[in-house]
Number of protein chains: 4
Amino acid sequence: MTVSLKLPRRVLITDCADAKGLIAKITGVCFDFGLNIIKNDEFVDNTEGRFFMRTELEGDFDEPRLLSALYEVLPAQNHTVLKPGGRKRVVVLVTKEAHCLGDLLMKSYYGALDVEIAAVVGNYDKLAALTEKFDIPFHYVSHEGLDRHQHEAALLEVIEPYGADYLVLAKFMRVLTPEFVARYPNRIINIHHSFLPAFIGANPYRQAWERGVKIIGATAHFVNNCLDEGPIIKQDVIHVDHNYSALEMARAGRDVEKSVLSRALGLVLADKVVVYGNKTVVF
Amino acid sequence: MTVSLKLPRRVLITDCADAKGLIAKITGVCFDFGLNIIKNDEFVDNTEGRFFMRTELEGDFDEPRLLSALYEVLPAQNHTVLKPGGRKRVVVLVTKEAHCLGDLLMKSYYGALDVEIAAVVGNYDKLAALTEKFDIPFHYVSHEGLDRHQHEAALLEVIEPYGADYLVLAKFMRVLTPEFVARYPNRIINIHHSFLPAFIGANPYRQAWERGVKIIGATAHFVNNCLDEGPIIKQDVIHVDHNYSALEMARAGRDVEKSVLSRALGLVLADKVVVYGNKTVVF
Amino acid sequence: MTVSLKLPRRVLITDCADAKGLIAKITGVCFDFGLNIIKNDEFVDNTEGRFFMRTELEGDFDEPRLLSALYEVLPAQNHTVLKPGGRKRVVVLVTKEAHCLGDLLMKSYYGALDVEIAAVVGNYDKLAALTEKFDIPFHYVSHEGLDRHQHEAALLEVIEPYGADYLVLAKFMRVLTPEFVARYPNRIINIHHSFLPAFIGANPYRQAWERGVKIIGATAHFVNNCLDEGPIIKQDVIHVDHNYSALEMARAGRDVEKSVLSRALGLVLADKVVVYGNKTVVF
Amino acid sequence: MTVSLKLPRRVLITDCADAKGLIAKITGVCFDFGLNIIKNDEFVDNTEGRFFMRTELEGDFDEPRLLSALYEVLPAQNHTVLKPGGRKRVVVLVTKEAHCLGDLLMKSYYGALDVEIAAVVGNYDKLAALTEKFDIPFHYVSHEGLDRHQHEAALLEVIEPYGADYLVLAKFMRVLTPEFVARYPNRIINIHHSFLPAFIGANPYRQAWERGVKIIGATAHFVNNCLDEGPIIKQDVIHVDHNYSALEMARAGRDVEKSVLSRALGLVLADKVVVYGNKTVVF
């Protein structure tokens with residue numbers, strides 16, 4: 001349908017057991033409500049018998065009424081949600097490296113990422129000055145002298161008041177506990193500095209250099225309870241050769257890391273990423 | 001829906017003016033006919049106000065009845081078609097270079113391209129031996145001593161009896177007349193050895209070398225009346241550097257050419273390419 | 001040779017007619033001076049009969065003495081130079097778009113580009129605030145009410161005192177006169193928002209969208225007298241599809257533009273780029 | 001130097017402890033012998049203190065005399081060799097999949113790989129017909145009823161008479177014993193159907209699909225005693241998404257596999273690959 005930028009847009013994510021006629025039923029309900037479908041993407045995982053659809057809707061409507069009309073045509077077990085569509089709010093966690101944070105700040109500044117960076121939180125204070133250049137509050141929450149749970153409690157104390165939609169780990173070099181992760185289910189995005197599942201864990205560039213690989217990469221994923229094992233959102237790689245030392249691989253890798261993280265966040269902000277099990281559908 | 005390989009599959013390509021409710025109406029008709037939608041992809045060109053949808057259908061049905069039911073819900077002006085879905089038949093035209101033809105023959109041989117290569121036609125006989133290794137007839141139709149129209153008449157005489165769905169120009173180094181092209185509207189696929197629209201015309205690798213480019217590419221497109229100007233299906237590139245002479249660029253480019261042509265043909269064979277104006281939607 | 005970070009490093013760029021024994025003669029002179037060769041790269045353009053070599057040297061030496069020893073073994077006509085090796089100084093010219101400038105500022109800030117950005121000059125003042133966040137002077141030199149030569153005179157007045165090694169056109173949307181360019185021969189680096197030589201001139205993304213291309217790109221090149229025609233340093237591309245409007249192509253292209261410009265500048269700063277005629281050797 | 005295609009070309013690979021003046025000394029010896037250096041590439045691994053150089057030589061010379069002149073200027077411990085330069089001979093080992101063998105046969109047929117495929121050996125006979133199309137002998141050496149050592153003895157009986165420079169494992173799905181590998185040290189090239197070191201071992205595409213990766217790849221490497229662990233020559237990747245089943249990933253991966261194997265073999269045939277430890281220098 002013709003796009004009018006004035007009308008509000010919302011995204012309907014359907015996620016249910018597969019069945020015949022689902023597209024007709026869902027889009028039929030939308031049509032009954034007089035809604036315009038801006039973009040419709042559908043996917044069926046035939047191995048799992050599961051149906052996914054992303055429907056970008058334009059028009060005024062009563063959300064609860066639309067949802068209950070949809071629930072009547074959908075299988076009883078479904079995870080269908082309506083995403084509000086507006087600008088989302090994130091809190092960024094960092095340690096010492098500036099490249100990922102810098103890219104998020106800069107892209108947010110000039111509008112390439114439609115996001116509100118509510119705050120940056122670091123377990124070192126090294127990135128305070130950079131953050132504050134962009135008039136964003138920086139919270140220094142050192143882990144020194146604290147055990148993991150104490151540190152996470154301190155982090156949550158500063159993070160939670162912001163009511164963030166997502167936490168972004170922009171080279172935050174601490175492993176989070178399952179308790180912390182459980183507070184933000186599929187709402188924590190991490191950038192891992194390797195092409196997962198190669199080189200899980202620490203020092204992936206040194207591992208890559210020692211193995212003599214000809215390609216290095218980066219992986220943005222949601223965080224679950226296992227280190228470097230959540231659902232992958234985006235990956236990219238660059239070619240390297242024997243001329244690269246481990247240090248030069250790390251330096252070259254930073255460009256991929258920041259680019260993968262920014263693009264993954266962009267997809268999440270646009271409600272294009274659906275998590276199921278340990279995987280994602282990226283519409 | 002669950003995939004059963006036993007049932008026939010057909011592809012419905014909807015192409016019409018955009019309107020509210022089209023997805024609901026089209027998929028509703030399919031549902032009424034008891035059909036299973038294997039995959040549904042939709043696109044609206046908002047600049048043109050035009051709606052495109054590719055619906056992969058499984059199930060037994062009466063084609064004319066389905067189409068007339070669809071025409072009742074679609075705008076009067078539409079180009080909606082039902083593609084039969086089975087293996088398609090092509091005739092390949094060549095001159096002297098073996099790489100694109102070789103890749104098509106080989107991929108067809110081991111099943112990576114689901115296509116029947118009915119015949120190969122060359123204006124030189126250099127590729128006859130290669131073609132015949134694969135038990136495919138080769139027709140040598142020299143252009144020597146013939147004007148363009150005479151040559152094309154001779155070509156058509158051998159091509160037409162094959163009743164090909166598509167002609168594939170696998171480095172066929174002759175420019176076709178509008179009359180010839182008109183016989184196969186959007187059914188002739190060409191590989192151009194440059195990243196169009198850069199280096200239109202002859203000797204693109206020499207042009208690229210003289211310009212000192214750092215990337216070379218290839219473009220597969222449908223042929224229309226203007227040289228190197230039809231709707232683009234697929235493009236790809238490789239990086240080069242100062243070490244490449246024009247000859248080495250050409251050699252490196254062959255790998256991209258053959259790969260782009262094969263992938264473009266694969267998309268066309270799977271009924272994933274819709275032409276509109278001078279562009280394509282590739283679902 | 002083993003690398004000691006304490007000793008000064010300089011780069012010898014040999015550029016002369018090809019002849020037998022050049023590598024032996026040049027590296028022999030370096031050896032006689034007790035110098036360590038950190039890295040040696042050589043290239044011969046056989047079409048032109050021209051020899052290029054980049055020799056990264058470590059050690060203390062008297063530059064004029066080394067050069068005159070080299071000139072004795074080199075052909076009389078040569079363009080051999082010794083590059084000082086330390087941090088270089090640039091002035092960045094901009095118009096209104098922030099992404100390329102932002103990437104240069106950020107990478108310089110966290111050390112991914114070893115460069116001194118002495119100043120930013122804009123024909124609009126839109127990027128003053130961004131520049132000043134990084135404590136770099138911004139000069140607003142409007143072109144309003146001035147003809148091209150008057151504007152360039154005004155630009156030079158603020159640029160020249162900085163004694164920049166290079167000018168970087170980070171989306172500076174004005175065409176420079178030959179007189180201006182002649183002041184900085186092969187010392188002005190531009191980013192063009194297309195994969196040159198496709199879509200020369202204005203509005204390349206709209207041109208690309210209208211042509212229905214499946215790949216868009218960016219080109220960093222030295223500026224010479226012809227618009228978009230100087231020696232190419234670096235190019236890169238991304239894949240797009242029918243879902244991209246001209247505006248979305250432009251948005252996606254910005255990431256390639258900034259990345260290509262930064263990488264090109266990095267190569268130039270490391271004395272890895274040799275210009276000859278309308279081409280570059282990038283070691 | 002100007003290239004004359006008539007004179008013989010040989011490649012000198014220097015591999016020794018790093019020391020000052022090595023380039024000058026080696027190229028000085030070549031100059032004393034009146035040789036033309038077509039291309040010279042140099043690399044120092046500073047971590048290991050090891051020097052590598054590839055020198056492409058043109059001219060007539062007495063090999064033993066040149067080598068003994070070189071040994072006088074090189075460190076006592078060196079692995080410097082002179083490669084003959086002409087067309088090399090390989091034997092290809094296969095199991096059932098045609099794509100890698102097909103690409104090698106085709107590229108060799110039309111001259112994109114300058115190699116003599118002396119024979120193809122399979123532990124199934126499925127690829128006999130394809131091989132014989134190209135007038136190359138196929139040997140069927142079944143492993144049925146044989147233990148590993150008996151099978152390898154049977155393989156060697158047919159392979160060894162060919163006096164191959166390299167063995168190419170073109171999807172040969174058997175793990176070789178250390179005894180077999182020791183017969184062809186750094187002379188067996190394998191294609192692994194994953195981006196090593198991710199997904200070592202069997203069924204990498206299923207592993208990749210289960211992990212939900214967004215990129216899949218292939219790795220060509222020399223075979224040493226550990227499965228999937230020899231020195232990597234070449235890697236490449238393609239992007240995939242949720243639409244790919246494990247089977248479709250495997251299908252898409254075949255194009256990368258064949259391309260990576262062919263390119264790796266091309267580099268080896270051109271004497272551009274130097275193995276040291278578990279790594280390669282690829283000039």
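In which handed sense does α1(A) pass α1(B)? In this predicted model, the crossing of α1(A) with α1(B) is left-handed. Two packed helices are described by the angle between their axes and the distance between the axes. Here, helix α1 of chain A and helix α1 of chain B each span residues 22–32; their axes come within 8 Å and cross at roughly 145°.

The residues that form this contact can be named on either side. From α1(A) come Ile23(A), Ala24(A), Lys25(A), Thr27(A), Gly28(A) and Phe31(A), and α1(B) supplies Ile23(B), Ala24(B), Lys25(B), Thr27(B), Gly28(B) and Phe31(B). Sorted by class, the contact of α1(A) with α1(B) comprises six nonpolar residues, four polar residues and two charged residues.

Attention may now turn to the annotated region of chain A. An unreviewed UniProt entry carries the annotation "domain: ACT" for residues 11–89 of chain A.

Between them, chain B and chain C bury about 2,800 Å², of which 61% is on carbon and sulfur atoms. On the chain B side, the residues that lose the most area to chain C are Arg211(B), Lys214(B) and His242(B); together they account for 25% of what that side buries. The count of salt bridges between chain B and chain C is zero.

Notes:
Residues numbered from 1 in each chain as written. Chains lettered and ligands numbered in written order. Predicted model: local features only at pLDDT ≥ 70, side-chain atom pairs only at ≥ 80, totals over all residues. Heavy atoms only, no water. Axes fitted to C-alpha atoms, helices over the stretch in contact; angles between N-to-C directions. Helix = DSSP H or I, 4+ residues; strand = E, 2+ residues; numbered from the N terminus. Left-handed = near helix turned anticlockwise from the far one by under 90°. Contact = heavy atoms within 4.5 Å. Nonpolar A, V, L, I, M, F, W, Y, C, P; charged D, E, K, R; others polar. UniProt positions renumbered as here; feature names shortened; annotations may be inferred. Buried area = accessible area lost by both parts, 1.4 Å probe. Salt bridge = Lys/Arg side-chain N within 4 Å of Asp/Glu carboxyl O.
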